[in-house]
Structure formats: C-alpha cells, structure tokens
Amino acid sequence: MNDFDYKVHIVSPIKNADINFLNEISRQYPNSKILVEVNNTRGLSSTLAKALKDNIYFRVAGGYTKERVKIYKDVTFRDGSKADYFYDSVIYSRNELVNILREIEKIENGINSSWTDLQKVIYIYTILEGEIMYDPKYEIQPSSEIRTLRGLLSKKTVCAGYSMIFKELLDRQKIECEYVEGVINKDINSNVKHRGHAWNIITLNGRKYGVDLTHENSNYRRGNFHTFNYLGTNKESFCQSHYPYYFEETQNYEDTLSELDINLINKFYNLILIDKEYKKTLYTIKRKDGSLCTICHIGSIVSDDNKVYHRYFYLDGLPGTNKQPSILYSDFNMTEFIYSKLHGKGQEYTHNMQYAIANRLFSNKNINDSKNRQTSYIGNPFDKNNNEVENIEKDQKSMDDVYYPTKVFTREDGSVFILEHTYNVDTIYGMMYSYNVYELINNSGEYILKTSTVCSENNLIEDNRNCIPNILLSREHINESCEYYHGYIGYCDKNGNVLLNKDIFNILEQSAEDIFRMEKYSFRIPSYSELKHNLLDYDVNFKNRRVINKYTKNEITDKRKLKDISFSRFWVQVLDVISVYNSSYIFSEEIENFYTNLFTSISISIEENGYIDTKRILEDMVSTKFIFAPMIVVNLFSSVDKVNYIYEYLTGNKPKKEHEALYNLDYASRLIGIFNNTNRRK
C-alpha cells in the first residue's frame, strides 16, 4: 500500500491537462514510482494512457472506495488473507491499464451516443454476460486477478469482478452504479445457503434497480442466453435473495428498489442488438476417426408442450472450409456440459460422455440419419439420469412447433451462410418476412458466428436468383441495413436491383420511436408487480400519516416510495368502476398492458402539450380492443382534482391553473352518461 514515492488524486473525468501534469511530475522524478488515484477512468482512453511514462501507476477505485478500505482495515478472512486487496488489487501499471482500456473501448465502440441510459445498460449487460465467464475454480487465484478490472483481460472472473467491471463501464457512461457486497440466501453454484456475494444497484431516472451479472452468467453457461432475469426485472426474487451489508448505501430493498419491465427490455434488446456474435459457445469437436466439426450453441427454443430444444449451428469441418452448414436441434445442452466439465461439478460428465457427444450425437451417421428423415432434430444420446442410451431416439412430435425453414447460400466470393425464416408480419403494405442470417466471420484471425436479424418483402427461401445472396444478402448490405434501417434490407426487383420501401422503413422507425417513448416514461410509474406490492404489503394509517411495511415493520419515510404507494391506491380506486364486472381484472395481464400504454400516452401528452389532453386520450381509448378501457379512463378523468393529481405525480410539479380549462371534462361527463345509460339498459 505504501510502495510509492508520490501519490496524486485526480477527479474524473480525466483530461489532457491531467496527462500533461502527470508526465511533468514523471519527468521531474524519473526514478520514482508515482501512484495516481482516480474513482474511475472516465475521460481516459488507451491512447492517452499510452502517452504516460511507465513509472506512473493508477489506482482505479471503482467500488473499492477509501470508505470500504477503512471498513475492512482490520478484517482477516477465513482463509487467513488480509483485506489489503481492497486497496492494492486495483492498482494497475501503465501498460496493464492500456490493455484494460482497449478492452473497454471494444465494448464502447458498439454504443450509439444517441442511446438512452437504459439502452446503454442493456447493451453493456449483454456483452459482459457472454464475454466474461464465471469460473468457481478461478477463486484460487489472487484477488487482484478475479476481483478487479483484470477480468476484462483474462475473460474470467467471480462476482466481485463482474460488479467492478459493470460499474466501471457505467461510470464511464455517467450512469450511476453502486458496487454492493452482502450475502445471498442460496448460492447458484453450490448447496451453501448463505454466501458472501457482490452485485450492483443502478439508478435510472431517479429509481434504483438491482443487477446481478454473476447469476445472469450462470443462465448463460446453462445455455439460456439473454434472459435478463437479473437486470432489475424481478424485484421480488432479488429482494428475497440479496442482503447488503449494513454499510452499503442502499438498504431495505423491498422499499427502495423498483422493477424494470421485462417486455420493454426484450424490445430494446431486439432493437439495439440486431447483430449478435457468438464466441464463447463456438466449439470444435474431434471424432475418433480424426475428423473435426464445428458447432455453435445459439440458444434454445420451447415447444408448445413446454419441451426445450437446444439449437446449434453445425459445420462438418473447420471454419473457412466452405462446406454446407446447417441448423440442428437437440435435447442435449452442450454449453452446460462444457462448463460443468471445466468446473468439475461432481461426476455427472465423464470421458465416456465426451465420446458419445463427438461420435454419436454429432457423428455424420446420426446427422445424415436425421436429414434422411427430413428433420434437423438429432435427438439426445443420454437419458434423464445422464446415462448413455443404446439408440438415439428421434421422436419429433413437439419439434414441429419450433422448426424454422432454412436455406444455405454460397456467394460468388465463396462465403457461405444460412438463411432462417422465422415469422411473417402482415402490414398495410403487404407481407413482411423476418429472417436470421448465420455466418462464420473471421474477426482478426478468430472465427465468430455472426447472427443478423433482417426483414424483407420477398420470400427469400423460395427465391433462387443470384442477386439474393450476392446483392440483397451481401455482408455489406446486411451490415448497413442493421446499422441504419433496423434490419430492413428491402427487396430485389425483376432486374435484380435492391429497392427500399420508405413506407416500410417508416413503420419500423415509428415502432422504434414508440419503444423509446415507453422507456422514457416507464420509469415514472411503478411496474405492475410493484404496484401490487405497494397495495398488499403496506399498512397505511391515515390518521397518524404513517406507512408501515407489513413484513419488515419498517416505517416508510422515502418520499418517492410514499408517492408510489399513494399512486397505487389511487389506481385501484379508479378501477373500482369495473370491479362490479370482474374483480380479478385488477391484476390481470390485460389491465397491466393497458396501464402501461395509458400512462405512456398521458406522459407523451404532457410532453407535447404541457398538460393532459384528456379528450384526445379518451378518444384513443374508445377505439381500443380492451372493452373496459373507455370506462376506466372516464373515471380517471372524472374531476379536475384527479387530473391535477396525475400531472403532479408524473412531473413533480403543480399544474398551471390555466390548463384546467383545457381538460375537456365535459366530454368525459358525456361519456359517463353514455356508459350509465348503457349499463341501465343491461
């Protein structure tokens, strides 16, 4: 800790002037070791860092703040190690920091500066989830290797490393992120009921969300890619399993955390990651005859009868051989097998199992047998107890629900790819076809599987013209379409020219804008599961003006939480108008979707007009397919006080008096009369 001649503290963001200042110190003291202390590397690029003298070292604190160092000052861990690593482990040499920054910049190169904070979080979360692997065996390594930013170099880490790396990347984007330590009541990798753990709390638009990349990577290692189960989307489960130490900033998760809408997350993921790259699940298999094959686990799909099929890109040989690839389906989970084998989890995977995978499941004989049956289903060489079966059965009754038609194309330059037809969408401008393009790409000497999601007016599976692979589905055109046109590649006319329908692009652009709008305003209201929690888990004593959590017995003093609880009760009172019809509707999925869309519309109205245009929203709701929508909105806008309350809750400001005349509540009154007369006739 004291092995430095000089220490300098620099406040982020780091500027060019700071680099010049540090080099001047280095010039004056060329034989001295100089330590620069920073909270994070925001503002520092690998190029700037490389311009530093090599006697300069950086302590990038991240979550290992001086306050945390003091807390652990006299702590000795169970293995006898001291807590000095909270200070020492995050000290990096100049060259080491340059390499770390280069890895960070590779990730940041995929970030669009116009993205919202939520989009950036989803992107970073997804990249780290698959790029860096949790390795229990890696825990025997020094803390400086596994609990720091060095995981960006080794591509291996543990929970503290994930949390430090995630925080560093968000700090560089100016997104508030806490590094948190505590215990979890059930560890995902062992039978331990309580175990030390680290995770993050992020803040978006003033609301806090729990994030656990370690647990998400466990899903990834099991072959469940991009589930987003631990990106602030399941508050109840997070609160029941994560308990922060007493000194952490955020406490009482039930009362302080909010919940992100998983549907919104998935929509954003599909928008910002139209191009996906698979590296960690790309495997080379050697058979007993010496032949090689390449497989890439590209996730799983669930049939209508809830059976899980794992999907594989398969190539008989190594990448670059230009052989015909295919998409295969199996009950066997290769990714789970690989990581369980590496981590030595019990004796469930053996050498005999490896032999069966290479020489039975992915044998040419088994794959050709499936093709002869006109299916891509290759079965499973093991039973439920992981015992090898004598004959691989290929009962594909439920497979028919999940199979996607594919076609292999070879371009004039020799490159080969698979086109997979996923679904059709009927628009006012005709049928749109959606496809996945799978192609092995040589990326700086390393092969990756690139998957691009594109759409076209043409049925490309049935189109045999040369212009399809060489022009419409050229790698250049696919990349351009994914970057600028939301994956819309257009179509080839009869002369082979690529044409784009501006109306189709406008539909896609509008759809994207709608999602952005939903994201912008979804933070201002509780998610529906939170709303339910606010209603059922708190006692409100109006006389004493106290709100108590029924289970923790804590009194709620946080102003935002109190407003959310009040708003939740207000919403249920609004729904009283339909309780006489069907009381179960209050917590139904139909009401939940309506709730989100309604308050998004109200928020947009405030942004565009400065007030709530009740008439326009009422008119929109009258035409909705949800039968009770008009009735609920009429009740919501039945008085000036109600409309003012909604405005103040969403904006934090009192409405202007002159806007009250614009509410058009007489229109709502007429609708109330219509509904009352209709009800009397019924």
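**Pockets and helix contacts**

Guide: The second largest pocket has a volume of about 1300 Å³. Of the 39 residues in its lining, Asn270, Lys276, Tyr423, Ser434 and Thr453 are the closest to its centre. The model is a predicted one, in which local features need pLDDT of at least 70 and side-chain atom pairs count only at pLDDT 80 or more, while totals for chains, interfaces and linings use all residues. Residues are numbered from 1 along each chain as its sequence is written, and side-chain values use heavy atoms, leaving out hydrogens and water.

Visitor: What makes a space a pocket, and what makes it a cavity?

Guide: On a 1 Å grid over the protein atoms alone, a pocket is an open set of points with protein on both sides within 12 Å along at least five of seven lines, a cavity is a set where a 1.4 Å probe fits but cannot get out, and lining residues have an atom within 4 Å of a point. The volume is the space filled by probe spheres set on the points, which are joined across faces, edges and corners.

Visitor: Which elements give two or more residues to the lining of the second largest pocket?

Guide: They are helix H13, strand E11, strand E13 (292-302), strand E18 (416-427), strand E19 (430-443), strand E20 and helix H19. Helices (H or I, at least four residues) and strands (E, at least two) are DSSP runs, numbered from the N terminus. H19 gives the largest share, six residues.

Visitor: What is the volume of the largest pocket, and which residues lie closest to its centre?

Guide: The largest pocket holds about 1600 Å³ of space. Gly110, Tyr123, Ile272, Leu273 and Asp275 are the closest to its centre, out of 47 lining residues. The largest share of this lining, seven residues, comes from H6.

Visitor: What classes of residue make up the lining of the largest pocket?

Guide: The lining has 20 nonpolar, 13 polar and 14 charged residues. Here Ala, Val, Leu, Ile, Met, Phe, Trp, Tyr, Cys and Pro count as nonpolar, Asp, Glu, Lys and Arg as charged, and the others, Gly among them, as polar.

Visitor: How many cavities of 30 Å³ or more does a search of the whole structure find?

Guide: The search finds one. The largest cavity has a volume of about 50 Å³, and its lining includes Gly210, Tyr230, Lys235 and Phe238.

Visitor: Why is helix H21 called oblique to helix H24?

Guide: H21 (residues 559-579) and H24 (residues 629-636) pack at an angle of about 130°, with their axes 8 Å apart. Angles under 35 degrees count as roughly parallel, over 145 as roughly antiparallel, 65 to 115 as roughly perpendicular and the rest as oblique. H21 is therefore oblique to H24. The contact (heavy atoms within 4.5 Å) includes Phe570 and Trp571 of H21 and Met631 and Ile632 of H24. Its residues divide into nine nonpolar, two polar and no charged.

Key
Axes are lines fitted to C-alpha atoms, for helices over the stretch in contact, and angles run from 0 to 180 degrees between N-to-C directions.
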